[in-house]
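Welcome! Let us take a walk through a protein model together, one part at a time. Please keep the sequence and the 3D view open as you read.

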Amino acid sequence: MSVYGLILAGGQSSRLFPFNKVLSDMTGSGRTLLQQALDRLSAGRQTNRQPPLVPPDHVYVLSAREWIRPMQKQLKLPARHFLSDPVRRGTWPALLWAMAHIRQQDPDALLAVVTGDHVIPDVNAFRQSLREAMDLAHKEAAIVLVGVQPTSNPEEWCGFGAVRTRGSEIIGFEEKPAWERAGVMIRQGGWLWNAGMFFYRISVAERALRQYQPAMAAIYDQLVAAIRNRREALAERLFSEFPAKIPHPLEPDRLVDNTIDYSIMTPLVQTPFDGTAKAATRALLKWTDLGQWDALRKVVPADSRNTIRIGSVKIDTRTTGSILSADKGYRIEGRGLQGLIAAFSNKTLLLLPERDVTRVKELVQAAQQAGSGPVFAQKCRDCRFQVKRGRLIAYGLKGISVRLTGRRVVLSGPGIIR
């Protein structure tokens, strides 16, 4: 049985604006998150001289069309191994698009679907978890996911699906429980949070598709034939017929996103098909999703003044408690900063207090609606903004001076942020 790897690399994250999360070196390691994902799975930097989990020529990347070219520059993979779904239809149709291409090489291939935007410090433990998951998917007709042991803070886990386990078997599945429910589940124990990584034989996933989503299965079969016959335009038209929303498998009156969690995993756990094994899981203990800028404090050591610096960043001794991140080719210089987030990439500088990190998404949306002016600032007082080239987006600042000249910015202030 051939093993193929599929790296999910969506790219943009509005809460980590202005960076493209997977294409950037978010942790200062010298490797982008996308490159780290490939390193862990297969290529180049093997740990303890272990063999690759997936042969390098069997690795594929799935992303949005606009990010394919920069990803090709970062990874030494054949051009045909970079896949993009033609239109937005949800993560499950995107996986079907990838499966329809990979099955041309082997219709019963074992597919390892991994994320390209996570920070995983213990690579050896991660590879062991994946090896166990792949072994299980090889031996049994199961769709295997990797679960994460939750911390005691339910706020960190509201955005993830959760599985209740008995041994390696999943006996319950809940998608994105609310804060109160997440707290109950953590106290109960026996729950793992879904890391978004799945392992299955393509033939098993196709059987599940026909069992639980027969209308989608009919489209998929035509899609496979179109790709086999190299009818690209037809394949793209067929893909557009996949629904973006589907009825919730347990609440048919409610429409939900067309994800593998709703389309396959939830009904599979409730009513396993043909008497085969239910979905199963293996635990991964150390894992970080960089959901927003302050998540860097979990994975990047701060200096003696509790400031995190990534990239080309120069600060004085009065700068404390800040997160300063300059993408490759950009530079930040700071004096007298306190509690500030400064993120500099894509010709854009984002500035706001760390305490307001949850406002990034709405701030970015407001800035985009306002147009392309050089400065967009909300709730800023006694500030001095000089922008010669590039764009500044700022929130909640007081008494700070900003001099932005293309790829270099100088920040200074009295050390008071709001």
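A residue is called buried when its relative accessible area is under 20%, exposed when it is over 50%, and partly exposed in between, using a 1.4 Å probe and protein chains only. Before we use this, a word on the model: it is predicted, so local features need pLDDT of at least 70 and side-chain atom pairs count only at pLDDT 80 or more, while totals for chains, interfaces and linings use all residues. Residues are numbered from 1 along each chain as its sequence is written, and side-chain values use heavy atoms, with hydrogens and water left out.

Let us start with Asn20, which counts as buried because its relative accessibility is 5%. You will find Asn20 in the loop between E1 and H1. These labels are for DSSP runs numbered from the N terminus: helices (H or I) have at least four residues and strands (E) at least two. A polar atom of the Asn20 side chain lies 3.2 Å from the backbone nitrogen of Leu23. This is a polar contact, meaning a pair of N or O atoms within 3.5 Å; within protein, one must be able to donate a hydrogen and the other to accept it, and residues adjacent in sequence count only if both atoms are side-chain atoms.

Next come the charged side chains. Side chains of opposite charge can pair when their charged atoms come close. A salt bridge here is a side-chain nitrogen of Lys or Arg within 4 Å of a carboxyl oxygen of Asp or Glu, and the structure holds 17 salt bridges. One of them joins Lys21 and Asp117, at 3.5 Å from N to O. This pair links distant parts of the chain, 96 residues apart: Lys21 is in the loop between strand E1 (3–8) and helix H1 (33–41), and Asp117 is in the loop between strand E4 (110–115) and strand E5 (118–119). Lys21 is buried, because its relative accessibility is 6%.

Asp257 and Lys245 form a salt bridge too, with their closest N and O atoms 2.6 Å apart. Asp257 lies in strand E11 (residues 255–257) and Lys245 in strand E10 (residues 245–247), so this pair ties together parts that are 12 residues apart in sequence. Asp257 is partly exposed at 41%, and Lys245 is partly exposed at 45%.

Now look for an open sheet: 5 strands form it in the order E15-E17-E24-E23-E21, with mixed pairing. Which strands stand at the edges? They are E15 (312–315) and E21 (384–389); each has a single partner strand, so one side of each is left without a neighbour in the sheet. Strands of a sheet pair through backbone hydrogen bonds, either parallel or antiparallel. Two strands count as paired if DSSP finds at least two bridges between them. Strand E17 (residues 331–335) and strand E24 (residues 408–412) pair in the parallel sense over 5 bridges, and Ile332 stands opposite Val409 in E24. Arg331, Glu333 and Arg408 are linked in a network of salt bridges.

Our last stop is a pair of cysteines. A disulfide is a pair of cysteine sulfur atoms within 2.5 Å, and the structure holds 0 disulfides. Cys380 is in no disulfide, and its nearest cysteine sulfur, that of Cys383, is 4.9 Å away. Cys380 is partly exposed, with a relative accessible area of 24%, and Cys383 is partly exposed, with a relative accessible area of 24%.
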